Amino acid sequence: MTEKEVMESAEKTLIHVYNRFPVVFDHGEGVRLYSMDGKEYLDFASGIGVMALGYNVEPYKDALKDQIDRITHISNLFYSEPMEEAAKKLVKVSGMDRVFFTNSGAEAIEGAIKTAKKYAYKRDGAAGDEIVAMQNSFHGRTVGALSATGTDHYRTPFYPLMGGVHFAQYNDFDSVKAACDDKTCAILMETVQGEGGIHPADPEFLRKVRALCDERDMLLILDEVQCGMGRTGAYFAWQNYGVKPDIVASAKALGCGVPVGAFLVTEKVASSSLEPGDHGSTYGGNPLVSAAVSKVIDIMEEKDIPGHVKALTPHFEARLDELVSSHPSVLSRRGMGFMQGLVIREDVKSVAVVAEALSNGLVTLSAGGNVLRLLPPLVMTKEDIDEGISILDATLKEFD
Ligand SMILES: *Cc1c(COP(=O)(O)O)cnc(C)c1O
């Protein structure tokens with residue numbers, strides 16, 4: 001098929017929930033993508049923060065091929081060595097104690113919410129506990145995760161959603177405190193809001209929320225689906241803050257391209273929440289995806305990917321700040337590590353900038369609040385940054 005035929009056929013057969021950009025990527029190499037018609041692109045999007053190690057990574061591919069030759073699925077009724085290894089490595093880099101593997105980020109959030117509710121149920125001997133989540137957040141598209149997503153246009157058509165979720169203002173401790181009452185069992189937030197427009201948590205805000213949770217025996221659930229796995233220069237973004245959650249949700253870069261997520265808990269939570277019969281998943285952490293998680297962590301540790309991100313962040317930020325000062329179409333920059341957003345002037349649509357950058361050979365993303373969102377592969381070099389910045393520079397000139 002030609003690139004055009006693929007696009008036309010897909011528009012007829014797929015449910016139209018995405019307005020896709022007019023390109024069909026065929027393969028990738030390192031931080032570059034190639035379309036069916038052979039055009040090369042530099043990737044500053046990583047398939048929405050998934051392909052942290054870049055494309056066509058030999059040891060990763062070999063690990064998956066070996067696992068395919070052995071066994072890909074066995075269900076959670078049996079033990080599996082790949083899952084045990086993946087869990088051990090994930091526990092080590094996170095500092096959490098126990099893990100449950102899921103198939104997506106949304107499902108990791110679902111499990112996190114259930115865990116918090118069960119914790120409160122066991123403590124109080126009664127159900128009815130509620131959670132506090134943040135405005136402008138994004139936790140996924142399933143009904144539970146959507147119920148905790150504080151962005152109206154994702155929610156409104158699907159009411160009534162799960163009850164018992166109250167929303168507070170992100171980075172406003174008084175608002176969080178006011179939203180909590182004696183029924184609140186957990187506070188849920190992204191450590192760095194992604195879809196909402198790249199808003200990192202204020203260190204003081206996060207510390208105060210942690211202290212409030214400790215004071216009232218509420219659980220702090222951090223959603224690190226997008227900001228975790230090395231993206232902010234640490235394995236998990238909270239590690240930059242010196243604050244530890246009780247429950248954390250992960251996915252996206254966790255498997256670098258296979259569908260896998262996880263929620264992790266401390267021993268305190270594990271020992272008094274979910275029990276046999278409370279939760280499960282047919283595929284969750286099957287041997288194939290577990291082999292991927294295991295190899296991803298091995299490679300991240302061998303190459304010190306968080307250290308690499310930390311070392312290059314000042315350069316990346318400085319180059320982005322140059323764009324802010326030289327382009328009237330860019331108002332400001334926000335971000336942490338290789339998770340950066342440029343706030344685009346209101347009369348210019350950030351998706352239009354994304355489309356134009358794409359036609360200039362750079363893959364980027366948009367986010368809420370008219371933000372141009374950049375989530376490059378974490379293996380990106382200084383030269384790749386400079387190349388991407390010069391494409392952005394040329395692209396933004398068209399909008400100034
Ligand atoms: C992407 C994302 C999710 C949902 O993950 P899926 O794998 O798409 O279900 C949840 N939380 C955050 C912060 C995300 O960025």
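Phe138 counts as buried at 16% relative accessibility, where buried means under 20% relative accessible area, exposed over 50%, and partly exposed in between (1.4 Å probe, protein chains only). This is a predicted model, in which local features need pLDDT of at least 70 and side-chain atom pairs count only at pLDDT 80 or more, while totals for chains, interfaces and linings use all residues. Residues are numbered from 1 along each chain as its sequence is written, and side-chain values use heavy atoms, with hydrogens and water left out.

Tyr154 counts as buried too, at 18% relative accessibility. The ring centres of Phe138 and Tyr154 lie 5.4 Å apart and their planes stand at 70°, so the pair is edge-to-face. Rings of Phe, Tyr and Trp (its six-membered ring) pair if their centres lie within 6.5 Å; planes under 30 degrees apart count as stacked, over 60 as edge-to-face and the rest as tilted. This pair links distant parts of the chain, 16 residues apart: Phe138 belongs to the loop between strand S5 (130-134) and helix H6 (143-147), and Tyr154 to helix H7. Helices (H or I, at least four residues) and strands (E, at least two) are DSSP runs, numbered from the N terminus.

The structure holds 7 aromatic pairs. One of them joins Phe25 and Tyr41 edge-to-face, with 5.1 Å from centre to centre and 90° between the planes. Phe25 sits in strand S1 and Tyr41 in strand S3 (residues 40-43), so that this pair also links distant parts of the chain, 16 residues apart. Phe25 is partly exposed, with a relative accessible area of 32%, whereas Tyr41 is buried, with 6%. Elsewhere, ring pairs link Phe44, Phe316 and Phe338 into a cluster.

Strands of a sheet pair through backbone hydrogen bonds, either parallel or antiparallel. Here 4 strands form an open sheet in the order S1-S2-S3-S15, with mixed pairing. Strand S1 (25-29) and strand S15 (362-363) stand at the edges with a single partner strand each, so one side of each is left without a neighbour in the sheet. Two strands pair if DSSP finds at least two bridges between them; S1 and strand S2 (residues 32-35) pair in the antiparallel sense over 4 bridges. Within S2, Tyr34 is the bridge partner of His27.

Helix H3 (residues 58-70) has 13 residues and reaches 18 Å from its first C-alpha to its last, close to the 18 Å expected at 1.5 Å a residue. The expected span is 1.5 Å times one less than the number of residues. Tyr60, Ala63, Leu64 and Gln67 are buried in H3. They cover an arc of only 95° around the axis, which puts them on the same side of H3; the arc is that of the directions from the helix axis to the C-beta atoms. What covers the buried residues of H3 includes helix H4 (81-94) and helix H11 (287-302), where contact means heavy atoms within 4.5 Å.

Some loops hold particular backbone features. Asn56, in the loop between helix H2 (46-49) and H3, has a positive phi of about 55° although it is not a glycine. Asn56 is partly exposed, with a relative accessible area of 32%. Cys256 is not a glycine either, yet has a positive phi of about 45°. Cys256 lies in the loop between strand S11 (247-250) and strand S12 (261-265) and is buried, at 4% relative accessible area. Finally, a cis peptide bond, with omega about 0°, joins Tyr159 and Pro160; Pro160 has its place in the loop between helix H7 (152-155) and strand S6 (165-168).
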